[in-house]
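Subject: Handover of a structure and notes on it

Dear colleague,

Please find the structure below, handed over to you for study. My notes follow it, and I would ask you to read them with the model open.

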Amino acid sequence: MAEELICNYKKCRKRLGSFGWVTSCSRNTNLPGKFDLIRIDLCPSEQHKSMVLAGQKPEVIMEACSRAMAFWSYQIHQERVYQEYTATKAKQRGTQLEQYYEQLLSRAQSEVSCILNLELCDILIFT
């Protein structure tokens, strides 16, 4: 598999293993219908793949495949958006830290310079 699905729940973010839970909406609240939340086998057997749509009309098979592909594409897109957001935040934090430490270094250098100048002044005064 080129890409794997990852749990959408922000506090989880684990790679999905052998099964996953799929909802009919993007929220996990108010799921009254019978098929609003189902468990999906992410590693189906060959027998399951051979039989799951057996006997269905081609239109039904194509519609199911189309919806499944749309779901997969949406999930992969959402993961990419999340990764881009995370990378952007990390870059911003890196830039902030770099600026902070550059200011800290500049202050330290000016303090050292000031101390050296005072010592030089003391040496010149006592000479």
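Residues are numbered from 1 along each chain as its sequence is written, and side-chain values use heavy atoms, with hydrogens and water left out.

Confidence

The predictor's confidence in each residue is given as pLDDT, from 0 to 100. For the protein the mean is 84, and 83% of the residues reach 70 or more. Helices (H or I, at least four residues) and strands (E, at least two) are DSSP runs, numbered from the N terminus. Confidence is highest in helix α1 (residues 46-51), at a mean of 94, and lowest in strand β1 (residues 19-23), at 83. Over residues 27-31 pLDDT stays under 50, and the model has 5 contacts there beyond four places in sequence; contact means heavy atoms within 4.5 Å. Where pLDDT is low, the predicted coordinates should not be read in detail.

Salt bridges

A salt bridge is a side-chain nitrogen of Lys or Arg within 4 Å of a carboxyl oxygen of Asp or Glu.

In one, Glu79 pairs with Arg13, with 2.6 Å between the closest N and O atoms. This pair links distant parts of the chain, since Glu79 is in helix α2 and Arg13 is in the segment before β1, 66 residues apart. Is Glu79 buried or exposed? Glu79 is buried, because its relative accessible area is 16% and buried means under 20%, with exposed over 50% and partly exposed in between (1.4 Å probe, protein chains only). Arg13, at 22%, is partly exposed. Leaving out residues up to four places away in sequence, Glu79 touches Ile6 as well as Arg13.

In another, Glu46 and Lys49 come to 2.9 Å at their closest N and O atoms. They are 3 residues apart in helix α1, so about one helical turn separates them. Glu46 is exposed at 56%, and Lys49 is partly exposed at 47%.

Glu63 also bridges to Arg67, at 2.4 Å between the closest N and O atoms. Both lie in helix α2, 4 residues apart, which is about one turn.

A buried glutamine

Gln75 is placed in helix α2 and is buried, with a relative accessible area of 13%. Beyond its neighbours within four places in sequence, Gln75 is in contact with Leu5 and Asn8.

Aromatic pairs

Rings of Phe, Tyr and Trp (its six-membered ring) pair if their centres lie within 6.5 Å; planes under 30 degrees apart count as stacked, over 60 as edge-to-face and the rest as tilted. The count is 2 pairs. Phe19 and Trp21 are edge-to-face, with centres 6.5 Å apart and 90 degrees between the planes. Tyr100 and Tyr101 have centres 5.0 Å apart and planes at 75 degrees, so this pair is edge-to-face.

Surface patch

Leu97, Tyr100, Tyr101 and Leu104 make a nonpolar surface patch of about 370 Å². Patches are made of residues with over 30% relative accessible area and no salt bridge, with like charges joined within 9 Å and nonpolar side chains (Val, Leu, Ile, Met, Phe, Trp, Tyr) within 5 Å. Accessible areas come from the Shrake-Rupley method with a 1.4 Å probe, and for residues only the protein chains shown count as cover. Leu97 is partly exposed at 32%.

Yours sincerely

Methods: Predicted model: local features only at pLDDT ≥ 70, side-chain atom pairs only at ≥ 80, totals over all residues.
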